[in-house]
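Trainee: I have a structure open and some questions ready. Can we go through it step by step?

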Amino acid sequence: MLQIKNLTKRYGDKLAVDNLSLHIMPGEIYGFIGHNGAGKTTLLRDLIRELSCGGTWGAGKNVSVVDERSEIAACFGGVAQCDLGPRTDVMDGCPKSEGMLMMLRSMSPQVLAVDEAGGEDEILAMKYGMNCGCRILATVHGADVGDIMKRPAWRELAEEKVFSRYVVL
């Protein structure tokens, strides 16, 4: 089980995540939904680091991050400026769908992470990863579950019951 207790993150006066607690059991797949500034990327970064480092819940995992806009790892000169853990590989500046497929083929990740997935090609790449036995960490921009269900590709994921739970930030 991966457990997060009372996670709060601030950037100056801006509250990004406020007192979030999660208990993620093995086999559960969560979808994180939120509007701009809700804390999706911050939460994703913290989950990546926790999974890579390992903890009381178990050994660290090999995590591959596809960071198209350099928001997760904040790469500069090819070096991640944010700590994502010792078992994390980052592909920076690459389109998400292509990057996910490249990471799956070359890095053999146990976990694949992507921020603000939304396009049909990105959804197909995530499905491919799941079919390869890889766990997926993904955020999606939206106001609530109903909002993302207006998008055909996400509606299809919901109908297939890919996600165990949705968390609206």
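**Strands, helix and cores**

Mentor: Start with the pairing. This is a predicted model. In it, strand 4 and strand 5 (residues 88-92) run parallel and share 5 bridges.

Trainee: Which residue in strand 5 is the bridge partner of serine 64?

Mentor: Strand 4 pairs with strand 5 in the parallel sense. Within that pairing, the strand 5 partner of serine 64 is aspartate 89.

Trainee: Which residue in strand 6 stands opposite valine 63?

Mentor: Strand 4 also pairs with strand 6, parallel again, over 4 bridges. There, valine 63 faces valine 111.

Trainee: How many residues of strand 4 are buried?

Mentor: Take each face in turn. In a regular strand, side chains alternate between the two sheet faces. Val63, Val65 and Asp67 are buried on one side, Ser64 and Val66 on the other. Strand 4 (residues 63-67) is therefore largely enclosed by the rest of the structure, and its buried count is 5 of 5.

Trainee: Within what arc do the buried residues of helix 5 fall?

Mentor: The buried residues of helix 5 (residues 152-159) are Ala153, Trp154 and Leu157. They line one face of the helix, because, viewed down the axis, they fall within an arc of 95°.

Trainee: Which exposed residues sit on the face of helix 5 turned away from its buried side?

Mentor: The buried side has its cover, which includes helix 3 (120-131), strand 7 (135-141) and helix 4 (145-148). The face turned away carries two exposed residues, Pro152 and Glu159.

Trainee: Which residues touch the most other members of the largest nonpolar core?

Mentor: That core has 25 residues. Helix 2 (96-107), strand 6 (111-114), helix 3, strand 7 and helix 5 each give two or more of them. The residues touching the most other members are Met100, Leu112, Met126, Trp154 and Leu157.

Trainee: What does methionine 100 touch, not counting residues up to four places away in sequence?

Mentor: Methionine 100 is one of the residues that touch the most other core members. With those sequence neighbours left out, its contacts are Val66, Leu112, Val114, Glu122, Ala125 and Met126.

Trainee: How many disulfides does the count come to?

Mentor: Check the sulfur distances against a cut-off of 2.5 Å. For cysteine 53, the nearest cysteine sulfur is that of cysteine 82, 14 Å away. For cysteine 82, it is that of cysteine 75, 8.7 Å away. Neither cysteine 53 nor cysteine 82 is in a disulfide, and the count is 0.

Technical notes
Residues are numbered from 1 along each chain as its sequence is written. This is a predicted model: local features need pLDDT of at least 70, side-chain atom pairs count only at pLDDT 80 or more; totals for chains, interfaces and linings use all residues. Side-chain values use heavy atoms; hydrogens and water are left out. Buried means under 20% relative accessible area, exposed over 50%, partly exposed in between (1.4 Å probe, protein chains only). The arc is that of the directions from the helix axis to the C-beta atoms. Contact means heavy atoms within 4.5 Å. A nonpolar core is a set of buried Ala, Val, Leu, Ile, Met, Phe, Trp, Tyr and Cys residues joined through side-chain atoms within 4.5 Å. Two strands pair if DSSP finds at least two bridges between them.
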